[in-house]
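Please keep the sequence and the 3D view at hand while reading.

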Amino acid sequence: MSAIPKPPVPGPLNPSRRLLLGPGPSDVHPRVLAAMGMPLVGHLDPEFVAMMDETQDLLRYAFQTTNRMTLAVSGTGSAGMETVIVNLIEPGDRMLVCVNGVFGGRMVDVAERAGAQVTAIERPYGEVFDPEEVRAAVKKVNPKLVGIVHAETSTGAWQPVEEIARIAHEAGALIAIDTVTALAGIPVEIDAWEIDAVYSGTQKCLSCPPGLAPVSLGPRAVEVLERRKAKVQSWYLDLSMIQRYWGSDRFYHHTAPISMNYALREALAIVAEEGLEARFARHALNGRALHEGLAAMGLSLLTDPKHRLPQLTCVKIPDGVDDLTVRRRLLKDWGIEVGGGLGPFKGQAWRIGLMGYGSRQSSVTLLLSALETCLRDLGVSVPPGEGIRAAAAVYSEAAK
Ligand SMILES: *Cc1c(COP(=O)(O)O)cnc(C)c1O
């Protein structure tokens, strides 16, 4: 007789169909979901190995790079962040981190745990860094590595990074960028911008479930990795070993999560099929329609208008409206998920994601209509139909 009694046995899993318009995970493409249900092959099966090669080529296209070391780390976006940092940082190394939201803050924490001497420079939530202030900090700190977030999901801010990469290089430092929310939603040009290290995640604009972290290291970063004195502090995330599995050795390191790799391969194939330019244009259009729609409803956006992401919009919650009341109703009555605010935006903002497969006209229209109904029911004065009308005008203008 077992000491632990059997718990109530649930029936077959049957999650509701949602429209995921939050900061991630985003709506998954049906082809990606179907890929995950396909039969497993072994992680060293010739078919799987061929698929990994396809994935690497497709990732190089998505990142716009020829970097040989381009692969998917097993783990979510944060594992990608940790991979880049633990492989490039040795205890005592100086790192400069630009913090204008939650994910820059996380980078500081990860780098400190890896033993870096971290200097953080800060910008208020919703703003971006001016290259000149980064230049001044780089001069003062003389870091080995500069870290910055390209698309800050906690605020919706779009940080230009090309000039900052140049500043890092002029001072002999490496640059690492976080493209978890950027990749496949806005242009990411790893080679043209000379980015040394980049990581991403699968559940934002790639429209895959969470579980893998695409990572790419350029020649300068690979050299730093090869010249390390100390072993990489994390066995699991040591790129020199992981690369031997993704490279021609096919050396066993850990068992690749097969189904997740199917999903990523399929998601990247969909990205390539659509083409990056068309994909960015689609994200830009839907983002613009949402922004116009929200503005026409009398709502205000919290991010600097010159640096607003199309795939993540931070909108101010109207005075007197309770954050959770609205989000719960959106979920219950329309099956729509949007995100709450983080950090100083907690309770002050909603975060609306239009990422990957979720970035489409029907998402924008349904969300605007549902939000209008919710707010009007709560007594907020929202001009009826204006949000949808403004969004529709953006679409018909674009169709001309
Ligand atoms: C989501 C996100 C992360 C963290 O990714 P997880 O998959 O949640 O671990 C890191 N950086 C940015 C910019 C993100 O949006």
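Predicted model: local features only at pLDDT ≥ 70, side-chain atom pairs only at ≥ 80, totals over all residues.

In what order do the 7 strands of the open sheet lie?

## The open sheet

The strand order is β2-β10-β9-β8-β5-β3-β4, and the pairing is mixed. The edges are taken by β2 (69-74) and β4 (117-122); each has a single partner strand, so one side of each is left without a neighbour in the sheet. On average, and with direction ignored, neighbouring strands of this sheet are turned by 20 degrees against each other.

Strands of a sheet pair through backbone hydrogen bonds, in either the parallel or the antiparallel sense. Helix α7 (residues 219-226) lies across β2, β8 and β10 (212-217), and runs at about 95 degrees to β10.

## Helix α9

Helix α9 covers residues 258-274, a run of 17 residues. At 1.5 Å a residue the helix should span 24 Å, and its end C-alpha atoms are 25 Å apart, which agrees. The helix is followed by G275, which has a positive phi near 90 degrees.

Is α9 mostly covered or mostly open? The helix is mostly covered, with 12 of its 17 residues buried. Among the buried residues are I258, M260, Y262, L264, L268, I270 and V271, and also N261 and E266. What do the buried residues of α9 pack against? Their partners include the helices α1 (30-36), α2 (46-63), α8 (239-246) and α10 (276-296). Strands β2 and β10 are also among the elements they pack against, and both strands belong to the open sheet.

## The ligand site

The ligand is surrounded by 13 residues, and the closest are T76, S78, T153, Q203 and K204. Which atoms of the protein lie 2.7 Å from the ligand? In the side chain of D178, an N or O atom is 2.7 Å from a nitrogen atom of the ligand. A polar side-chain atom of K204 is 2.7 Å from an oxygen atom of the ligand.

The backbone also takes part in such pairs: an N or O atom of the G77 backbone lies 2.9 Å from a ligand oxygen atom.

## The loop between β9 and β10

The loop between β9 and β10 holds S207 and also G211. S207 has a relative accessibility of 2% and counts as buried. Its side chain reaches the backbone oxygen of D27 at 3.0 Å. Not counting residues up to four places away in sequence, S207 touches S26, D27, V28, H29, V32, T202, M355, G356, Y357 and G358. Phi of S207 is positive, about 55 degrees, although this residue is not a glycine.

G211 is buried as well, with a relative accessible area of 16%. The C-alpha atoms of G211 and G201 are separated by 7.6 Å, while the two residues are 10 residues apart along the chain. Leaving aside neighbours within four places in sequence, the contacts of G211 are V73, S74, G75, T76, T202 and M260. Of these, T76 is one of the closest residues to the ligand, and M260 is one of the buried residues of α9.

## Strand β11

Strand β11 (residues 312-316) has 4 of its 5 residues buried, so the strand is largely enclosed by the rest of the structure. With strand β14 (residues 349-353) it runs antiparallel, joined by 5 bridges. T313 is placed opposite I352 in β14.

## Other backbone details

Where is there a cis peptide bond? It joins G24 and P25, with omega at about 5 degrees. P25 is in the loop between β1 (19-20) and α1.

Q64, in the loop between α2 and β2, has a positive phi near 55 degrees and is a residue other than glycine. Is Q64 buried or partly exposed? Its relative accessible area is 29%, and Q64 is partly exposed.

Key:
Residues numbered from 1 in each chain as written. Heavy atoms only, no water. Pairing = 2+ DSSP bridges. Helix = DSSP H or I, 4+ residues; strand = E, 2+ residues; numbered from the N terminus. Axes fitted to C-alpha atoms, helices over the stretch in contact; angles between N-to-C directions. Contact = heavy atoms within 4.5 Å. Expected span 1.5 Å × (residues − 1). Buried < 20%, exposed > 50% of the residue type's maximum accessible area, 1.4 Å probe, protein only. Near = heavy atom within 4 Å. Polar contact = N/O pair within 3.5 Å; in protein donor to acceptor, adjacent residues only side chain to side chain.
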